[in-house]
Amino acid sequence: SSGINAEYGGDKRETKVQIKVDIIQADWISYRTKESLSKQLDKSGCLHIYDESSRSQNRNKTECFNKLYRLLLEHSFTPPEPTEEELAALKRQERARKKKWKEENKSKKYYRNRNNPFSL
């Protein structure tokens, strides 16, 4: 026995909770979400969620379902498509970056050749 009250024969209840969800067979979960969760599944396609943070089994159950909910939300999020304005701004930034890089390399090449007559 272990724990705070173990020597007195106190609280020895098992409060650990495990939820096992068959993700592969769940038709309410999208294919994209299943693919995203695939690394966290066991060989049979199940997702295991554990919690023993509280001394109350009911709170641990609630926390397990909250973890499942957050996990599904996290893996089912799809970022919105960029607007035409955002795409245009990205193109302008890319052109400016390339132009700056070209100018920096031209000046480096000029000074390299100027200082060393034997450089290629």
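**View A. Asp51 is buried, and its side chain pairs with that of Lys67.** Asp51 counts as buried because its relative accessibility is 6%; buried means under 20% relative accessible area, exposed means over 50%, and partly exposed lies in between (1.4 Å probe, protein chains only). The model is predicted: local features need pLDDT of at least 70, side-chain atom pairs count only at pLDDT 80 or more, and totals for chains, interfaces and linings use all residues. Residues are numbered from 1 along each chain as its sequence is written, and side-chain values use heavy atoms, with hydrogens and water left out. Asp51 and Lys67 form a salt bridge, with 3.1 Å from N to O. (A salt bridge is a side-chain nitrogen of Lys or Arg within 4 Å of a carboxyl oxygen of Asp or Glu.) This pair joins distant parts of the chain, as Asp51 belongs to strand E2 and Lys67 to helix H2, 16 residues apart. Lys67 has 29% relative accessibility, so this residue counts as partly exposed.

**View B. Ser53 sits in the loop between E2 and H2.** Is Ser53 buried or exposed? Ser53 counts as exposed, because its relative accessibility is 62%. The side chains of Ser53 and Asp51 make a polar contact of 2.9 Å. (A polar contact is a pair of N or O atoms within 3.5 Å; within protein, one must be able to donate a hydrogen and the other to accept it, and residues adjacent in sequence count only if both atoms are side-chain atoms.) Ser53 and Val17 are 36 residues apart along the chain, and their C-alpha atoms are separated by 9.6 Å.

**View C. Thr15 lies in the segment before E1.** At 15% relative accessibility, Thr15 is counted as buried. Which residues does Thr15 touch, not counting those up to four places away in sequence? They are Asp51, Ser54, Arg55, Ser56, Gln57 and Asn60. (Contact means heavy atoms within 4.5 Å.) Ser56 also caps the N-terminal end of H2, with a side-chain oxygen 3.3 Å from the backbone nitrogen of Asn58.

**View D. Helix H2 has buried residues and, on the other side, exposed ones.** H2 covers residues 57-76, and its 20 residues should span 28 Å at 1.5 Å a residue; the end C-alpha atoms are 29 Å apart, which agrees. (The expected span is 1.5 Å times one less than the number of residues.) Asn60, Cys64, Leu68, Leu71, Leu72 and His75 are the buried residues named in H2. They cover an arc of only 115 degrees around the axis, which puts them on the same side of H2; the arc is that of the directions from the helix axis to the C-beta atoms. On the other side, Asn58, Arg59, Tyr69 and Glu74 are exposed. The cover over the buried residues includes strand E1 (17-22), helix H1 (31-37) and strand E2 (46-51).

**View E. His75 is a buried residue of H2.** The relative accessibility of His75 is 15%, so this side chain's residue counts as buried. Leaving out residues up to four places away in sequence, His75 touches Thr33, Ser36, Leu37 and Gln40.

**View F. Glu63 and Arg70 form a salt bridge, and so do Glu94 and Arg97.** The side chains of Glu63 and Arg70 meet at 3.2 Å, N to O. Glu63 is partly exposed, with a relative accessible area of 26%, and Arg70 is partly exposed too, at 44%. For Glu94 and Arg97, the N to O distance is 2.5 Å. Both of these residues are in helix H3 (residues 84-115), three residues apart, about one turn of the helix. Glu94 is partly exposed, with a relative accessible area of 33%. How many salt bridges does the structure hold? There are three.

View G. (Helices, H or I with at least four residues, and strands, E with at least two, are DSSP runs numbered from the N terminus.) From the N terminus on, the order of the elements is β-α-β-α-α. Of the 120 residues in the protein, 20% are buried. Among contacts with a separation of 6 or more, 60% are between residues 24 or more positions apart.
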